[in-house]
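Please view the sequence and structure below before reading on.

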Amino acid sequence: MNAEDDPYATPTEDFSVSELKNGYSLSDAQRLHDVWTLEKFLNITESGAYSYFHLPEFLPHALITRDGPVAELSRAPSQIVGDTSLSVNNKDIRFEDMITSLDSPLQGVMVVKNGKVVFEKYPGMRRTDRHVWMSNAKVFAGLLIAMLEEEEKIDVQKTVSAYLDETQKTAWADIKVIDILNMQTGLDLEENPASRSGNTPYNVFVRSEVGLPAPDGKTYTHNQALYKIPKLREPGERFEYSSANTQMLGLIIEAVTQKRLAELISEKIWMKSGMEGDATLGLSPQGNGIIHGLISSRLDDMARFGMLFTPSWKLLSKEQIISDAIIKKMQSSGTSDNFLKGSLGPRLTDEFREQPLFNSYQWDAVFEDGDLYKSGMNGQGLYVSPTTDTVVVWFSTGFPEIPMEAFSRTIVQRLADKT
């Protein structure tokens with residue numbers, strides 16, 4: 001596919017994240033802050049990379065608070081991870097060599113097996129830096145919905161208007177919650193780098209989240225832009241990825257619980273999981289939690305979050321925060337016939353070098369063995385293998401020579417083979 005025909009082609013500046021391992025000087029911080037724009041944030045740019053660590057300088061944020069003793073992660077380094085190699089263009093590349101090369105966009109990578117850190121590198125950040133998750137954060141929305149289902153407070157077979165009366169006269173009104181969870185709404189909202197910057201309903205929504213005028217010159221609130229997205233086709237037919245779906249889930253969650261998203265994540269997840277640090281949640285000008293992507297935390301706390309889906313949850317919490325039933329629901333609630341209809345499914349199939357079964361509950365990919373994967377804009381990743389008790393997480397500003405998707409799944413399988 002030619003770059004001009006690829007909806008995932010992302011404008012990219014030439015800079016090195018390896019220079020960020022010791023943070024920013026005052027002059028660099030001021031320079032990059034002053035030239036920041038929404039476009040620089042959405043694309044792969046030096047100023048965007050700066051904002052990935054310092055997003056509260058540009059947008060209001062709410063605090064996701066930790067509590068109690070820190071669940072310290074023990075280390076048991078394994079050479080298997082770094083030595084894992086894959087080929088591209090008839091060339092074998094070791095995982096460690098790829099992520100630590102001077103031109104690598106990877107900033108931090110951690111692999112946890114059976115509750116122990118077996119690999120940890122920070123080639124483009126400090127270990128204690130708080131980095132934005134981008135769309136990895138979407139799984140919080142899916143998880144909160146699943147928790148509310150378990151509490152019998154939400155029925156995902158009901159429609160949006162059953163929970164949000166103000167959607168009655170919108171295209172969302174008769175869409176089932178399950179179709180929003182699985183990104184098959186049929187609305188004109190599919191998201192990729194092309195639609196984020198084009199004259200699209202999705203771009204109108206993106207700009208509303210930060211208070212910028214739409215291409216038509218009007219400034220819409222978060223909810224106005226979300227509610228005005230039109231219908232394209234019947235729901236349930238195609239996997240059409242969009243952060244707008246996640247924001248609708250956020251509105252439903254808040255309506256049902258009568259609590260802000262940051263408060264819910266704190267109470268139900270973050271305060272109970274032995275996290276090392278607080279996290280943050282970016283807000284729209286109207287105070288909407290941007291749960292589709294603007295959660296920021298340390299890398300090891302993202303790994304702890306992933307561990308909640310594995311048997312190693314016992315090392316983090318006194319209670320099982322994510323039940324086996326919720327995990328099974330996430331592993332079994334997708335629609336395989338829809339996965340390759342849309343732009344993200346085929347892309348992920350190429351990157352994994354294997355076709356996942358489907359997407360489900362805001363996870364981008366679910367595999368036959370039950371492994372779960374979520375991607376984040378411009379190179380973030382969360383891969384969880386409940387069966388093998390393995391978690392792979394990474395932060396990045398860009399995409400390496402071999403996709404991290406392929407490496408993460410291969411690493412999980414090779415670690416399993418050796419145990």
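## The second largest cavity

Helix H11 (residues 243-257) gives the largest share of the lining of the second largest cavity, four residues. Helices here are DSSP runs of H or I with at least four residues, numbered from the N terminus. The complete lining consists of His222, Gln247, Gly250, Leu251, Glu254, Leu261, Asn288 and Gly289. By class it has two nonpolar, five polar and one charged residues; Ala, Val, Leu, Ile, Met, Phe, Trp, Tyr, Cys and Pro count as nonpolar, Asp, Glu, Lys and Arg as charged, and the others, Gly among them, as polar.

The volume of this cavity is about 40 Å³. A cavity is a set of points, on a 1 Å grid over the protein atoms alone, where a 1.4 Å probe fits but cannot get out, and lining residues have an atom within 4 Å of a point. Volume is the space filled by probe spheres set on the points, which are joined across faces, edges and corners.

## The largest cavity

Two cavities of 30 Å³ or more are counted, and the largest has a volume of about 210 Å³. Its lining comprises 20 residues, with Phe41, Leu42, Glu209, His292 and Leu294 nearest the centre. At least two lining residues come from each of helix H2 (38-42) and helix H9 (201-209). The lining has 12 nonpolar, four polar and four charged residues.

## Confidence and conventions

The mean pLDDT (the predictor's confidence in each residue, from 0 to 100) of the chain is 96, and 99% of its residues reach 70 or more.

In this predicted model, local features need pLDDT of at least 70 and side-chain atom pairs count only at 80 or more, while totals for chains, interfaces and linings use all residues. Residues are numbered from 1 along each chain as its sequence is written, and side-chain values use heavy atoms, with hydrogens and water left out.

How values were computed
On a 1 Å grid over the protein atoms alone, a cavity is a set of points where a 1.4 Å probe fits but cannot get out, and a pocket is an open set with protein on both sides within 12 Å along at least five of seven lines; lining residues have an atom within 4 Å of a point.
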